[in-house]
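Hi,

Here is the structure I promised to send over. Have a look at it first, then read on for what turned up.

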Amino acid sequence: MIRNRAKKRAAIEALLTGDTLGRAAEKAGVHRNTITDWLREPDFMAELQAAEGEALGVLSRSLVSLAEKATKTLEEVLDGGETDGARLRAADIVLGRLLQVRELVDLEKRIEELERTINP
């Protein structure tokens with residue numbers, strides 16, 4: 001069972017990085033159909049969703065740390081300072097993605113709350 005657990009963890013890590021089912025199966029050392037079967041298991045899906053939530057949290061924290069630089073860049077531009085277009089675009093992207101991630105996190109929390117209300 002421990003060996004199977006390690007394979008499931010490897011599959012989850014592969015899926016989190018955007019690998020296809022086939023590639024995730026290779027990395028986990030199982031057949032592609034095994035991954036498909038695992039995706040039907042509530043425990044596996046719960047672990048995958050928890051790992052996705054953790055990854056989203058890491059991404060959010062990274063974007064928050066970049067937001068200070070992005071805000072400073074925008075401030076420099078607004079104050080009439082010299083800046084190149086690439087820096088300005090990067091700042092815009094960072095702040096835009098940060099807002100999107102925050103919206104996703106908030107939406108996920110609301111959905112979980114609704115699910116708990118519906119399925120106590």
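To start with, is Trp38 buried or exposed? Keep in mind that this is a predicted model. Trp38 turns out to be buried, because its relative accessible area is 4%, and the cut-off for buried is under 20%. Phe44 is buried too, with a relative accessible area of 2%.

Those two residues also go together. Searching the whole structure gives 1 aromatic pair, and it is made by Trp38 and Phe44. The pair is tilted, with 5.7 Å from centre to centre and 40 degrees between the planes.

Now for the surroundings. If you skip its neighbours within four places in sequence, Phe44 has contacts with Lys8, Ala11, Ile12, Leu15, Trp38 and Leu39. Several of those names come back in the largest nonpolar core, which has 13 residues. The members that touch the most other members are Ala11, Ile12, Leu15, Val30, Ile35, Trp38 and Phe44. Two or more residues each come from α1 (2-16), α2 (21-28), α3 (32-38) and α4 (42-78), and α1 gives the most, with 4 residues. There is also a second, separate core of 9 residues, with Ala70, Ala91, Val101 and Val105 among them.

The side chain of Asp19 makes a polar contact of 2.6 Å with the side chain of Lys27. Not counting residues up to four places away in sequence, Asp19 touches Ala14, Ala24 and Lys27.

Cheers

Definitions and conventions
Residues are numbered from 1 along each chain as its sequence is written. This is a predicted model: local features need pLDDT of at least 70, side-chain atom pairs count only at pLDDT 80 or more; totals for chains, interfaces and linings use all residues. Side-chain values use heavy atoms; hydrogens and water are left out. Rings of Phe, Tyr and Trp (its six-membered ring) pair if their centres lie within 6.5 Å; planes under 30 degrees apart count as stacked, over 60 as edge-to-face and the rest as tilted. Buried means under 20% relative accessible area, exposed over 50%, partly exposed in between (1.4 Å probe, protein chains only). A nonpolar core is a set of buried Ala, Val, Leu, Ile, Met, Phe, Trp, Tyr and Cys residues joined through side-chain atoms within 4.5 Å. Contact means heavy atoms within 4.5 Å. A polar contact is a pair of N or O atoms within 3.5 Å; within protein, one must be able to donate a hydrogen and the other to accept it, and residues adjacent in sequence count only if both atoms are side-chain atoms.
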